Amino acid sequence: TMKPATAAKKLGVYLEATPAEFQQGVVSRDQLNALQADAPEWLRELRRNGPHPRPVVAAKLGVSIGGLARAGITQALTTEEIDAIKADNPDWLQHERDIQAEFRRETARLKEAQQD
């Protein structure tokens, strides 16, 4: 079994937005697998509209979790809020995306160098 926080993390959802029965219980591996295989409506809704946990927000924006923190974004965001940030394309987002792109290039370069 696992704590609800661990299960929420594995499901990619914000724990505080899940139903009370999910937050208060424990989740078995079989229950987690069942949720992943055939998601109930509340889980599909959370995945679709949020609020999303920071790792999901960072991925949707194309930045790191650290980049979110540097921008002052420490809370969960909805899909609508994420889309609004993308539409505004603030300077911090452009900067953090550049940092993330450079990180990926460097990681790929190091991986290639190790293979040689």
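Asn89 is partly exposed, with a relative accessible area of 30%; on this scale buried means under 20% relative accessible area, exposed means over 50%, and partly exposed lies in between, using a 1.4 Å probe and protein chains only. This residue lies in the loop between α7 and α8, where helices (H or I, at least four residues) and strands (E, at least two) are DSSP runs numbered from the N terminus. The phi angle of Asn89 is near 45 degrees, a positive value in a residue other than glycine.

Before I go on, a word on the basis of these values. This is a predicted model, in which local features need pLDDT of at least 70 and side-chain atom pairs count only at pLDDT 80 or more, while totals for chains, interfaces and linings use all residues. Residues are numbered from 1 along each chain as its sequence is written, and side-chain values use heavy atoms, with hydrogens and water left out.

Pro51 has its place in the loop between α4 and α5, the latter covering residues 54-61.

Leaving aside neighbours within four places in sequence, Thr79 is in contact with Arg48, Asn49, Gly50 and His52; contact here means heavy atoms within 4.5 Å. Thr79 belongs to helix α7, residues 79-88, and is buried, at 16% relative accessible area.

How many salt bridges does a search of the whole structure find? The search finds six, a salt bridge being a side-chain nitrogen of Lys or Arg within 4 Å of a carboxyl oxygen of Asp or Glu. Arg48 forms one with Glu41, and their closest N and O atoms are 3.3 Å apart. Both partners are partly exposed: Arg48 has a relative accessible area of 43%, and Glu41 one of 44%. Glu41, Arg44, Glu45 and Arg48 are linked in a network of salt bridges.

Another pair is Arg70 and Glu96, whose side chains meet in a salt bridge at 2.8 Å, N to O. Arg70 lies in helix α6 (residues 65-70) and Glu96 in helix α8 (residues 91-115), so this pair ties together parts that are 26 residues apart in sequence. Arg70 is exposed, at 55% relative accessible area, whereas Glu96 counts as buried, at 4%.

Within helix α8 there is a further pair. Arg105 and Glu102 form a salt bridge at 2.9 Å, N to O. They are three residues apart in that helix, about one turn. Glu102 is partly exposed, with a relative accessible area of 41%.

Which residues make up the largest nonpolar core? Its twelve residues are Met2, Ala7, Ala8, Leu11, Val13, Phe22, Val27, Leu32, Leu35, Ala39, Leu43 and Leu46. By a nonpolar core I mean a set of buried Ala, Val, Leu, Ile, Met, Phe, Trp, Tyr and Cys residues joined through side-chain atoms within 4.5 Å. Helices α1 (4-11), α3 and α4 (41-49) each supply at least two residues of this core, and the largest share, three residues, comes from α1. Apart from it lies another core, of ten residues, including Ala58, Leu61, Val63 and Leu68.

Phe22 is found in helix α2 and counts as buried, at 7% relative accessibility. Not counting residues up to four places away in sequence, Phe22 touches Pro4, Ala7, Ala8, Leu11, Leu15, Val27, Leu35 and Trp42. Phe22 and Leu35 are 13 residues apart along the chain, and their C-alpha atoms are separated by 11 Å.

Finally, the largest pocket. Its lining consists of Pro19, Glu21, Phe22, Gly25, Val26, Val27, Gln31, Leu35 and Trp42. On a 1 Å grid over the protein atoms alone, a pocket is an open set of points where a 1.4 Å probe fits, with protein on both sides within 12 Å along at least five of seven lines, and lining residues have an atom within 4 Å of a point. The space in this pocket is about 160 Å³, a volume being the space filled by probe spheres set on the points, which are joined across faces, edges and corners. Helices α2 (20-24) and α3 (29-37) each supply at least two lining residues.
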